[in-house]
Amino acid sequence: MDEDEQAKFHSRVTFSSESVTINGVNGNSDEEVGNVEEDREGWDNKLQFFMGVISYAVGLGNVWRFPYLCQKNGGGAFLIPYIIMMVLEGMPLFLIEMGIGQRLRTGPVGVWNAIHPYLGGVGVSSAIISFLIGLYYNVIITWCLYYLYKSFNFELPWSKCPMNENGTALDECARSNSPTNYFWNREAIDTSGSIGEFSGFNYHMLICLCLAWLVVYLCVMRGIKSSGKVMYITATFPYIVTTVFLIRSAMLEGAMDGIVYIFTPDLTRLYDPEVWLEAATQIFYSMGLGFGGLVAFGSYNPIKNNCKKDAYLLSAANLATSLYTAFCVFCVLGFMGHKGYTSCIQNEMDALMQLYPGKFASLQELQNTISLDDYKLMMDNKFVDSGFENMANVSKYCDYATIISQAAEGTGLAFVVFTEAILQFPIPPLWSLMFFMMLLMLGLGSMFGTLEGVITSLNDSQLVRLEKPVFTGILCGISCLIGLLFVTKAGQYWVALFDQFTGTYALLCVAFFEIIAVIYVYGYKRFSRDIEFMTGEEPGQYWLITWRFISPAIMLTLFFTTVFKAFSEAPKYFVYDMETTQQDPTPYPTWAMFAALGLVSLAMGPVPFVWFVRKFKIWKVESDIPAAAKCLGTTPSTTYILKSQLSFNRMNESTASELQTLGKLNGQKSTSSAKTSSSNHLAIPNGTSGRKK
C-alpha cells in the first residue's frame, strides 16, 4: 500500500512544536493559541464542570430505569454485569469523549471532521440523535410541570376519584386499581386507545410544553456561561430531595422488605444474555455516552485538565447515584408492595369466608386461626389437603414479587406509584412539590447537555451564522413545534417509540464509530500521548486494552444482538385499555415500524452520506477536502486545531519511530540559528505519521 492509499485511512491532524497541521493548513504562533483559548467559552471553575457533567449524565433514567432493571434482572445480581459493563465499556468511552473534546477544543461535528473528513457524518449523527432525544425528553419535563402545577392544592387531585352527579365515582376510575392510575391516564394525558388515534391535543399539556421549552431556552441561550450556573441547582437539588425522601420512605411499613428484595441476588439470572445486554445498554443512558454532550463539555475545559481523573470520579458518582436512588425507590415500592400484598390477602380471607360460611364465626376468628405463613403455604400447595380445596378455583395466589414489580418502570413509576406513595406521607402537597421539583431538575440538567451537543456542533461547523441567543431561540421554537406530536392524546405512545428506537440502534453505532475514529484512525498511540500531555500521566494497559479490543467488541455484540431481537420478536408498546384500566402489550402497526425505521435512518444516514460525498467528491464544494476551512470553518473553537502546543513533549523516544523522528527534528530546531517561517512547522505527511521510509 503506497502513501496515497495509506492517507485515506489516517487522521489529518498533525501536531508540531508550535502548530497543528490539518492536510497542509498551518497555524501560526503560540501567541495566537492563547488568544484562541480565550475566545473559546469555558467553565468558570472545576466545580462547575463537575456539576455540569453530573447534571447531564445523572437524569431521569437513574430514578426509574435503573431500579426497574435491578428488579427485573435478579435484584442485586444485576449490579455485577452493570459494574463490569461500566468498567469495560462505560469508562473507556467516557474518557475518549471528554479527552478528544478537550484536546481538539471543538464540538462533536468539528472533532470527527478534524480526525478525518470521511468521519464527519459521525458528529452530525450524534447531533441529530441529541436533537431527537431532546424532543421527547422535554415532554417528560412537560408532564412534571403539569403535576407540579397540580401540587399547589390543599388536596391533591389524584387522591380520590371524581364523582358523578349522583355522588358515585366515575366508572373508569372505580374500575382502576387506584385514583392515581386514573388521573395519569385520563386527567393528565387523556390517552387514546392506540398510537394511531391522535384525537386532538391536550391543551393543558400544550401550554406546559411551550413553558418547558421557554425554560430550557432561558437557561441555555447564553451558552455554557448561563447553563453552567443553573447546573449548580440542577445537580445538587435532586440529591437533597432524594435524601429527604429516603429518610421518610424508610419509615414506611414494608420499606425494608423492598430493600431486602432488591438487594437479594438471584445469581441464576446471570446466565441470561439479555441481562448483560440490558446492563450494557443502560450504561449509555446512565453516563450520557454517544450524544455528543460529553465532547462539548470536554471542549470547554482547559487543555491541561486531568480528564482521566475526571472519568474515575464521575463514573463513581454516577454509580453511587444509581444505587442511592434505587434505595429510595425500593423503599417506596416495598411500602406499595406490602400494601398491595396485604390487600390481596384480605380479599382472599373474604372469599374464604364466603365459600365456607359456617366454618368461622367472624373474619377475626379466621385470622386468629390461620396465620399468614400458614395461608402462604396453602397457596404454594394449591390448597391441596388444606380443608379449603374450593379456594383453588378462586384464589388470586398473592405473590409479593409479582405485586412489587407492577408499575416499576418509566412513567408508571414516577406518575403512578410515587404519586400513590406521596398520599401516605404527612402534608402530601409539600412532598409532591418536592418530588416533581426533583424530577424537573433532573430533566433540565440532562436537557442542557443534550441541547449543548446540538448547539455546539452547529456553531463550530459554521453552518449557522447567527448570534447564539437567536439561534438557540429558533432551535427551541422548531423543537416545540415538532413536540406538538407528543401532546396529542397518543403522545405517550410516540414518546415510547422515540425512546425505544432513537436511543438504541443509532446510539450504539455512533459510539462504535467514535472508538474506531479515535483509536484506529486518530491512533491510540497519539491519543495516549495527548492524555499524557493533558494529565501528566500515561494511560495504563487497562485503558489501551479496553479501547482497542474490549469496548468495540462489546458494542458490536450489542448492536447485532439488538437487531436480532427486533427481527425475532415484533417490537411492542403498552396500550391503555379503558375497560380494564391496564396497560396491555401490543405490537406496533406496520406504518409505525416504518416511522421508527425513518428515525433510525435519519439519525445514522449522515455517516454513509458524508463518506460517500467526500469519497467521490460529489459536490463541488467538497472538491478540496484537505482544506480545513471547508470542513470545519475557522471559528475560535476549531482554529485551535490549527494552532496548538506540542502534545508530545513528555514522550519516550524509544516508543516508536514516529516519536524518534519528531524528537530529532525538535532537537535540530532548538540548536539551529534563525530559520525561515516555513521551518517552524513540522508537517508529517498525512497517513505516514512520521514512519521510517
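Student: How many nonpolar, polar and charged residues does the lining of the largest cavity have?

Tutor: By class, that lining has nine nonpolar, seven polar and no charged residues. Here Ala, Val, Leu, Ile, Met, Phe, Trp, Tyr, Cys and Pro count as nonpolar, Asp, Glu, Lys and Arg as charged, and the others, Gly among them, as polar. Please keep in mind that this is a predicted model, where local features need pLDDT of at least 70, side-chain atom pairs count only at pLDDT 80 or more, and totals for chains, interfaces and linings use all residues. Residues are numbered from 1 along each chain as its sequence is written, and side-chain values use heavy atoms, with hydrogens and water left out.

Student: What is a cavity, and how many of 30 Å³ or more does the search find?

Tutor: On a 1 Å grid over the protein atoms alone, a cavity is a set of points where a 1.4 Å probe fits but cannot get out, and lining residues have an atom within 4 Å of a point. Grid points are joined across faces, edges and corners, and a volume is the space filled by probe spheres set on the points. Searching the whole structure gives five cavities of 30 Å³ or more, and the largest holds about 120 Å³ of space.

Student: Which residues lie nearest the centre of the largest cavity?

Tutor: Val58, Pro238, Tyr239, Thr321 and Leu442 do, out of 16 lining residues. Two or more lining residues come from each of α3 (46-57), α4 (60-72), α11 (224-249), α15 (307-355) and α20 (428-460). The largest share, five residues, is from α11. Helices (H or I, at least four residues) are DSSP runs, numbered from the N terminus.

Student: Is serine 199 buried, exposed or partly exposed?

Tutor: Buried means under 20% relative accessible area, exposed over 50%, and partly exposed in between (1.4 Å probe, protein chains only). Serine 199 counts as partly exposed because its relative accessibility is 48%. Glycine 605 is partly exposed too, at 27%.

Student: How far apart are glycine 605 and glycine 121?

Tutor: In sequence they are 484 residues apart, yet 8.1 Å apart in space, C-alpha to C-alpha. Glycine 605 lies in the loop between α25 (590-604) and α26 (606-616).

Conventions. 1 Å grid on protein atoms, 1.4 Å probe; cavity = no way out; pocket = protein on both sides within 12 Å on 5 of 7 lines; lining within 4 Å.
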